[in-house]
Structures are given as structure tokens and as C-alpha cells.
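Please examine the sequence and the three-dimensional structure shown below before reading on.

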Amino acid sequence: MPVGPVVLGIESSCDETGAGLVRDGRLLGHAVSSSMDEHARYGGVVPEIAARAHVHALAPVVREALALAGLTMRDIGAVAVTTGPGLSGALQVGVAAAKALAYARGVPLYGVHHLAGHVAADTLEHGPLPDPCVALIVSGGHTSLLLVRDLARDPIVHLGDTLDDAAGECFDKVARVFGLPYPGGPAIDRAARGGDPRAVAFPRPLTGPGDTPWAFSFSGLKTAAARWAERQRTGGAGLPLADGAASLQEAVADVLTRKAVAACRAHAVDTLVLVGGVAANSRVRNLAGERCAAAGITLRVPPPWLCTDNGAMIAAVGDLLIRAGAAPAPLDVSVDPSAPLTSAALRPAQRATARQRVAVFP
């Protein structure tokens, strides 16, 4: 069997700087540096801080990934990088580094959609994706139900997306109201241990008979949780944190898994792929497993470290694109911070002036 090139993947869309190395669907090594602690004092990601952290972390992260894989830069046969969506300044750092590395090595460059990376992350754990499958992407900025066929070759069909807040955003904002630290998702998960998930009757948005079947909305749930916390504190009894966190987590998990399983049934798909940062939440994973088992649906969920942002998932997409014969991106590829997900490859046009382009490669 022919051996494909080693693909270096670079991820810098938010507050994690990631580098991963993949060849022929196999993860060779990866490293991640997070600036989360620097953002925690502000209760959320500060774009300028994230971009500066990427500048400092990117070269060491690439070197660490190479060392763990027992490789050097001379072994790199292609570079893949997140070109969107994400924070503009953060994306620019990763793309500039990827361009420089591809140019210096004389190897092809592939622009990758960040959300396609989350879907591809599962292939590093469980192998090729079934054709078709339903993917549920749940993160701090995105909540989407997708119909996926060949990830590298076919268009990605959106069955439904969030109309307002994403599930992870709901966790972050309610955690702050509850007095929990950032990031909110892991804090809610920890606080929910020992709580009663039926203690508070939080709403299940867009699950009524007349609602859009595959769309999500978590803004109303966020408001309901904030009002509940306000009433508890005003009443003087104190906030029953464990019960509130468990009830909120149950509401989010219920909506996500109910819609995902229904989408699989409606489209005659027997595999659900659950990915994204919120896929690391213990109740989301457990309830998805219970409901998929009851419905005869195979559930694929990557390990928690592959659910959060990382360079391995971007390298996985680059590897798939190469094996599918996709054309590489030009070296003047730019970033698209709000890029819609229509395909795994993302090659937005460069709008920089000639002088700016010369500054990248003097």
C-alpha cells in the first residue's frame, strides 16, 4: 500500500494553540497549549490576549508534536491549518505560521474549516466515518446537526443549527451567574455531581410539536436559569448549586440528544457522531449513549481530549483531503472568521495588498 505524506495540522481559532501530525488516518503525535488561565479573570476569551498567546506558543507546540512523533520538519509532506471560523487575530497567527512552514518546506498547504476538524477528530479514534452519518457538533460557539457523507469530497448538509446561543455558550453564561469559574462547561459538570437533575423544571427549547425539528435555541434556557438563581438568592435560602447545575445540564443534554436521535431516525442513518467541546460533558455523553442504544443507533464519541480544539483534528482533515485528491490552497489564502460550514476545505481569498503579502514572505 502506498504511504501518504505526514500532514502537520495547526489550530489557532480560539484560545488553544494546537499542532498535530497525521499520516494515512493515524495520529503520530500532537501537542496543545492553552491560554485559558489568562482569560479566566475576564470570564471569557479576550481576542487580543489569545492572539498574543498563539504567537508565543505556536513554534514550541509544533516542536513538541514533532518530538513526540519522533519526526523533524524534514518529514513534513503537507501543512493543514484552520482558516475559519474563529477569532480573526488568532486565525491570522496560525495561518501565517502555516504559510511560512509550507513555503519553507516546499509542500502543499490546505485550508480547513474548524468544524469539519471536529467531525474528523472522531476518525483518529474510530476509523473512517460511515457514509452517511449524522454529526452533532456542540461547542462554545456552535451547535449544529449535520448530515455527512464523504467528509472530504461531498457537501455537508445542515439539518439544523442554533438560532441564538450555542450550548457551550449557555453553560459559560449560566456558570457565571451561578458564581462558577470560566470555562463554564467543566465547572457545571463538576458542580452537578450529587445534584438532582429533576430538582428544577428548566425548559426544553424548541421541542414542542410545532417547533422546527432540528433547530436549537439556548438563550431562553440561559435566561430561565438566571431568573431561577435570582429568585433563590432573593428568597434568602441560598443557591442550591448542585441541583441547579444538574438540572441545567440535564436540560441541555435532553434537547441535544433528543433531536440528534430523531434526526438519525428521520434520515434513516444508523450512526451518530458526537463531537465538539460540549461532547466532553459527562451527562451529554451518557444520555446520548442511553438513547442511541435504545434506538439501535451506533454512537461514536471521541475521547475528551479530541473533543476540545486541537491540531490533530486539523491534520486529520488535511490527510483526508490529500487522499481524496483535493487541490491545495494557494499560499495567499486568507482567513474567514465567520465561514459557514459547507465543506471540509476552506480557502477564502486573500484581500491583503501586495505590500502586505511581501511582508509575510520577505
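The following report describes strands, nonpolar cores and cysteines in turn.

This is a predicted model, in which local features need pLDDT of at least 70 and side-chain atom pairs count only at pLDDT 80 or more, while totals for chains, interfaces and linings use all residues. Residues are numbered from 1 along each chain as its sequence is written, and side-chain values use heavy atoms, with hydrogens and water left out.

**Strands**

Helices (H or I, at least four residues) and strands (E, at least two) are DSSP runs, numbered from the N terminus. Two strands pair if DSSP finds at least two bridges between them. Strand β2 pairs with β1 and with β3, as the table sets out.

| Strand pair | Bridges | Direction | Residues between the strands |
|---|---|---|---|
| β1 (6-11) and β2 (16-23) | 5 bridges | antiparallel | 4 residues |
| β2 (16-23) and β3 (26-34) | 8 bridges | antiparallel | 2 residues |

Val7 has Val22 of β2 as its bridge partner, and Glu16 has Ser34 of β3 as its partner. In the hairpin of β2 and β3, Asp24 adopts a positive phi near 50°. Strand β2 is mostly covered, with 7 of its 8 residues buried; buried means under 20% relative accessible area, exposed over 50%, and partly exposed in between, with a 1.4 Å probe and protein chains only.

**Nonpolar cores**

In soluble globular proteins, nonpolar side chains tend to be buried together. A nonpolar core is a set of buried Ala, Val, Leu, Ile, Met, Phe, Trp, Tyr and Cys residues joined through side-chain atoms within 4.5 Å. The largest such core here has 50 residues, and those with the most contacts inside it are Leu136, Leu145, Phe218, Leu248 and Leu256. Several elements each supply at least two of its residues, including β6 (133-138), β7 (143-148) and α8 (219-234). The largest share, 12 residues, comes from α9.

Contact means heavy atoms within 4.5 Å. Not counting residues up to four places away in sequence, Leu145 touches a set of residues, among them Val134, Leu136, Trp214, Phe216 and Ala263. A second, separate core of 33 residues includes Tyr110, Val148, Ile156 and Ile314.

**Cysteines**

How many disulfides does a search of the whole structure find? The search finds 0, a disulfide being a pair of cysteine sulfur atoms within 2.5 Å. For Cys170, the nearest cysteine sulfur is that of Cys14, 18 Å away. Cys170 is buried, with a relative accessible area of 0%. For Cys307, the nearest cysteine sulfur is that of Cys292, 14 Å away. Cys307 is likewise buried, with a relative accessible area of 0%.
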